[in-house]
Amino acid sequence: MMNRIAVVPEAGKALEVVDASIVHPSPGEILIKNEAVAIQPLDAKMLHAGYGGAGGIGSYPAVLGTSGAGTVQEIGAGVTELVVGDRVVFDTRALVKPETNNREGTWQQLVTVRSQTVAKIGDASFEQAVLVNFPLQTAVAALHLYLGMEKPGKGKSEEKVLVWGAGGAVGSYAVQYAKSVGYTLVVTASAKDSARQTRLGASAIIDYKAPDAVEQLRKLGPYKYLFSASGDPASQKALASLLPDGGRFASVLGGEVDLPSNVERVYKPFSQAAQLDENYQWRDWWYNEYLPEVLQNNLVDPVSHTKVSGGLGALQQASKDVFEGKVRGKVIVNPQE
């Protein structure tokens, strides 16, 4: 039996689907039959524009993708929490540890991954597991790990959280997580998204296009936590202006933005936080407790998506469509096809 991999042969070159030997798991690792990958904007930007702002390709040939969902095929020595046949969602070090890239990049049929970054999904679909994992992890890492927000049930309803750009996947999950913690939510979103935001837990929805949006937000404050899920410079300046006495906010994007000296922008590769060993306590909670509970009990809204047929051979065009904004919602590919 062979593995099949979608490889980036050189910088700027199109993907090539090739046969490769199976990499059997070392101690502490498992081998997974990969049955769903979601094409993330980061992967599309890396393939089609050479982007490297939140991780990078150390050398070529390289394999993109840092998350997937599938079935455990083989167990390495010392792994006791998983068994062959378990249905799981997983993340890898493909973009944070270059020497592991070809084994752990998820644009392939069989992926070797550390057992610490694997969560059981029960009966949840592979597609929803991989779709929820990436944006939810981004939101929860930003709010809980980096800003210090509490775990679900530990917040105070009299305190407020502001999520700018709540309409996207990351923003929507930030709203749902902060609500589950116990806070009152104020969000910016488009007017047509108001009903959904209310259902997700927002108490006040401000149209981000309104000329007085920032003034409306100021009147609704103050806020204990502020998060820009859009990350654009305008949102960063708006959040900074809501911290006249100084403070912090998190943003999914960085960039050169002129902010007051007493305001700290927290910008990290949130979606890859679990791969950093210094975050081991948060990682253990995420994979062993929180994510399995969310997926198995349907605690967050599902993600709309398009499933593209053609397996690994479809990744080149599908990722280009994502990069060029030609598809709405997320795109899923099954590497086994």
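Modeller: Helix 3 passes helix 4 in a right-handed crossing, a term used when the near helix is turned clockwise from the far one by less than a right angle, anticlockwise being left-handed. This is a predicted model, in which local features need pLDDT of at least 70 and side-chain atom pairs count only at pLDDT 80 or more, while totals for chains, interfaces and linings use all residues. Residues are numbered from 1 along each chain as its sequence is written, and side-chain values use heavy atoms, with hydrogens and water left out.

The axes of helix 3 and helix 4 (residues 169-181) come within 8 Å and cross at roughly 55 degrees, which makes helix 3 oblique to helix 4. Helices here are DSSP runs of H or I with at least four residues, and strands are runs of E with at least two, numbered from the N terminus. Axes are lines fitted to C-alpha atoms, for helices over the stretch in contact, and angles run from 0 to 180 degrees between N-to-C directions. Angles under 35 degrees count as roughly parallel, over 145 as roughly antiparallel, 65 to 115 as roughly perpendicular and the rest as oblique.

On the side of helix 3, the contact (heavy atoms within 4.5 Å) with helix 4 is made by V132, P135, L136, T138, A139, V140, L143 and H144, and these meet A169, V170, Y173, A174 and Y177 of helix 4. By class, this contact has 11 nonpolar, two polar and no charged residues, where Ala, Val, Leu, Ile, Met, Phe, Trp, Tyr, Cys and Pro count as nonpolar, Asp, Glu, Lys and Arg as charged, and the others, Gly among them, as polar.

Helix 3 (residues 126-146) also packs with helix 8 (residues 280-296), at an angle of about 130 degrees and with the axes 11 Å apart, so helix 3 is oblique to helix 8. This crossing of helix 3 and helix 8 is right-handed. Among the residues in contact are Q128, A129, L136, V140 and H144 of helix 3, together with W282, W285, W286, Y287 and Y290 of helix 8. The contact of helix 3 with helix 8 has 14 nonpolar, four polar and no charged residues.

As for the wider setting, the domain assignment, which is automatic or taken from a database, gives domain 1 (2-120 + 304-333) and domain 2 (135-270). The centres of domain 1 and domain 2, taken over C-alpha atoms, are separated by 30 Å.
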